[in-house]
Amino acid sequence: MTRFFEQYTKLCKEQGKSANGAAKEIGLPSSTITNWKQGKMPRAETMGKIAAYFGVSVDYLQGYTDVKEKPTAGAVSFEDVVKAVKSMDREQLVKLAIIIAQEQGER
């Protein structure tokens, strides 16, 4: 069982919901629960929906932190970064790659 699924079932239990019941309320088919039990991970978008449903951070949901609270105002989530990168055109991606390479060189 993945750390994600452990966290998910723990959160369901805390709210008095079944794993399938919570998935249904989030808008996910119950077959996804079976996939998660088998070790598959939700996509980033789905992970964000689950975290929002339970009012926790994605990092907590994935087991990277024991802090349940969402990041404070002004903090940027991983999902926000991914969304922003996916919306960039080629020129913007090249500029981002240069910035990342420069940052890596300074470390």
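The side chains of Glu91 and Lys95 meet in a salt bridge, with N and O 3.4 Å apart. A salt bridge here is a side-chain nitrogen of Lys or Arg within 4 Å of a carboxyl oxygen of Asp or Glu. The structure holds four salt bridges. This is a predicted model, in which local features need pLDDT of at least 70, side-chain atom pairs count only at pLDDT 80 or more, and totals for chains, interfaces and linings use all residues. Residues are numbered from 1 along each chain as its sequence is written, and side-chain values use heavy atoms, leaving out hydrogens and water.

**Glu91 and Lys95**
- Both residues lie in helix H7 (residues 90–105). Helices (H or I, at least four residues) are DSSP runs, numbered from the N terminus.
- Glu91 and Lys95 are four residues apart, about one turn of the helix.
- Glu91 is exposed, at 52% relative accessibility. Exposed means over 50% relative accessible area, buried under 20%, and partly exposed in between (1.4 Å probe, protein chains only).
- Lys95 is partly exposed, at 49%.

**Arg3 and Glu6**
- Arg3 forms a salt bridge with Glu6; their closest N and O atoms are 3.4 Å apart.
- Arg3 and Glu6 sit three residues apart in helix H1 (residues 3–14), so about one helical turn separates them.
- Arg3 is partly exposed, with a relative accessible area of 36%.
- Glu6 is also partly exposed, at 35% relative accessibility.

**Lys17 and Glu25**
- Lys17 pairs with Glu25 in a salt bridge, the closest N and O atoms being 3.1 Å apart.
- Lys17 counts as partly exposed, at 28% relative accessibility.

Notes: Helix = DSSP H or I, 4+ residues; strand = E, 2+ residues; numbered from the N terminus.
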